[in-house]
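Morning, everyone. Please bring up the sequence and the model. I'll go through the fold element by element.

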Amino acid sequence: MDSAALENLLRRQPRLWRGRRAEQTTGPVIATGFPDLDAALPGGGWPLGALLEIRIPCLGVGELRLLLPALCAISRSGRHLAWVAPPHRPYAPALLQAGVDLAQVLVVESCGEADIPWTLEKLLRSGACGAVLAWPRSLADHQARRLQLAAEESQALAVLFLLAGGGSPHAALRLKLQPLPEGLGVDLLKARGSLQRGSLVLAV
């Protein structure tokens, strides 16, 4: 392939990884609401059309506060926010106070563990959801792959909160959170299209 053909291919496929020129390979993103985190993520925000894994040591360390600015923006754009089998019912007054449009919030409560991947994929492929959130105990690699493809198709944010496990190689972004005295510790473990890794502390 000659250089002109290669450059043409790279222009048409912005998600192709280009090694150390990774900053040029990101797709659409949505601001996280935290400038330091935006600066650390490829493209400057949460990647849309991507599967995100957020590892947490326990529920309630600040994982939802981390996502709230983006969830607010997505709900205001008219796309649904789907919570699939959340460990606790979303607290509507807090979401409303944060600016989430409650009319866009969907909660799927009667979903068994085995049905979570199927439900997530259907919600993503519907095209109506701008973000789907789930707390699966485990997820097979082929299921994670299907979710990544469904997220790409819908340009939605697919977020898995993981209490344990090694995660899937198909996740585009993987973070590890930990509560610290000065705020929420965020370790960037994996970011597709970037060699950048690091840690930061956010005041959430």
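First, a term: contact means heavy atoms within 4.5 Å. Helices (H or I, at least four residues) and strands (E, at least two) are DSSP runs, numbered from the N terminus. Axes are lines fitted to C-alpha atoms, for helices over the stretch in contact, and angles run from 0 to 180 degrees between N-to-C directions.

With that, helix H6, residues 141-154, lies across S3 and S7. H6 runs at about 125° to S3.

A word on provenance. This is a predicted model: local features need pLDDT of at least 70, side-chain atom pairs count only at pLDDT 80 or more, and totals for chains, interfaces and linings use all residues. Residues are numbered from 1 along each chain as its sequence is written, and side-chain values use heavy atoms, with hydrogens and water left out.

Now the sheet. What is the strand order of the open sheet? It is S5-S4-S6-S7-S3-S8-S9-S10, 8 strands with mixed pairing. Two strands pair if DSSP finds at least two bridges between them. The edges are S5 (105-108) and S10 (198-202), each pairing on one side only. Twist averages 20° from one strand to the next.

At the S5 end, S4 (residues 80-84) pairs with S5 in the parallel sense, over 4 bridges. Leu81 has Val105 of S5 as its bridge partner.

Last, helix H5, residues 116-126. Its buried residues (under 20% relative accessible area, 1.4 Å probe, protein chains only) include Ile116, Leu120 and Leu124. The buried residues of H5 pack against S4, S5, S6, H6 and S7. Just after H5, Gly127 takes a positive phi of about 80°.

Notes
Buried means under 20% relative accessible area, exposed over 50%, partly exposed in between (1.4 Å probe, protein chains only).
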